[in-house]
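Here is a short tour of a sheet and the helices around it. Please keep the structure open while you read.

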Amino acid sequence: MTRAMSRVMACPALRDPGSWLQVAACLFLGAALLFPTLPHRRATYSLLAVVDITGSMNVRDYTLDGRPASRLEEAKAALLRMMSDLPCGSRLGVALFTERRDFLLLEPVEICENFSALEGAIRHIDWRMGWEGESHISEGLARGVTLAHSVGSDLLFFSDGQEEPPLPWTGQPASLKRDPRVRGLILGMGGTQPVPIPKFDDNGREIGFWADSDMPTENYAAPPPPGAAQREGYNPRNAPFGASRHTGMENLSSVQTAYLEQLAAGVGLDYRQLDSPGQLAGWVERVAHVVPLAARANIAWIFGLLALICMTARMAWAIGSTRK
């Protein structure tokens with residue numbers, strides 16, 4: 001063995017470090033061809049985004065690209081940014097909420113292969129798609145949880161939390177049920193300062209803002225509140241809420257943080273106030289179920305880089321030897 005090694009090392013070519021560098025470069029190039037990828041498991045997510053498209057979501061209390069933007073525009077911008085930030089293999093579906101129902105617009109599909117279709121669907125979401133003007137947030141959320149489970153996804157529910165007609169004085173009309181199979185987020189949309197709600201005509205043109213007299217300010221589906229008997233024109237049978245109209249601030253809108261937090265606790269979701277589109281992907285990665293996906297990582301570039309380093313060193317050695 002010793003004699004064989006001595007004969008090998010006696011060969012001038014093998015005593016040359018440049019030769020070894022050249023051999024190493026060839027081996028690395030061969031490895032790049034034979035083993036270009038490495039199997040691994042990637043963390044992905046499956047999500048259903050339910051977007052509130054009721055009238056209060058037209059309030060412009062956000063800023064996008066230096067211009068005023070509505071809550072609905074901010075929600076769409078957040079979804080588009082999230083699609084770019086989440087890993088390929090993740091799935092996203094889209095549904096619309098108005099009145100008390102959620103309408104499934106697009107079932108969850110893989111975001112990278114279907115990016116253009118998803119982008120187009122999200123960009124074209126519009127308040128004019130609403131089939132009713134009322135906004136029963138708690139019922140929409142309950143249906144959203146059921147819908148998310150039916151498509152095997154976690155839930156993202158975008159809303160400012162403004163019920164229309166307003167909640168009865170007794171509070172939340174019905175108890176919400178948790179589904180441990182569904183995780184996700186309620187995204188609070190809007191600012192904390194009440195601002196007017198834009199008003200549109202039958203042709204969709206903005207014509208001003210809703211006035212207090214335009215909006216229902218009391219929920220008549222519940223029993224009269226305490227003290228109703230002292231109102232003007234009260235009659236226990238014909239006018240249990242009194243004869244005069246109750247005044248309120250339903251024509252102004254702000255994010256209903258306390259109410260949305262209460263709803264989130266009722267269905268076992270997390271609540272976040274959405275202030276910037278870039279926040280969403282990080283929240284999803286901390287809250288949603290991880291869906292492991294078998295994938296292959298490209299490692300050919302690593303072997304190619306090592307081969308390049310070896311060849312560079314080989315050339316440097318050759319230049320240095322020539323100068324000597």
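Helix α5 (residues 115-123) lies across β5 and β6, and its direction is at about 160° to that of β6. Contact here means heavy atoms within 4.5 Å. Helices (H or I, at least four residues) and strands (E, at least two) are DSSP runs, numbered from the N terminus. Axes are lines fitted to C-alpha atoms, for helices over the stretch in contact, and angles run from 0 to 180 degrees between N-to-C directions.

This is a predicted model, in which local features need pLDDT of at least 70 and side-chain atom pairs count only at pLDDT 80 or more, while totals for chains, interfaces and linings use all residues. Residues are numbered from 1 along each chain as its sequence is written, and side-chain values use heavy atoms, leaving out hydrogens and water.

## The sheet

Follow the order β6-β5-β2-β7-β8-β13 and you have walked across an open, mixed sheet of six strands. Because β6 (101-110) and β13 (270-273) are at the edges with a single partner strand each, one side of each has no neighbour in the sheet. Neighbouring strands are turned by 20° against each other on average, direction ignored.

Strands β2 (residues 46-52) and β5 (residues 91-98) pair in the parallel sense over seven bridges; pairing requires at least two bridges found by DSSP. Val 51 has Leu 96 in β5 as its bridge partner.

## Helix α8 and its partner

Helix α8 (residues 280-287) lies across β2, β7 (154-159), β8 (184-188) and β13, at about 150° to β8. Helix α4 (residues 71-85) packs with α8 at about 65°, their axes 8 Å apart.
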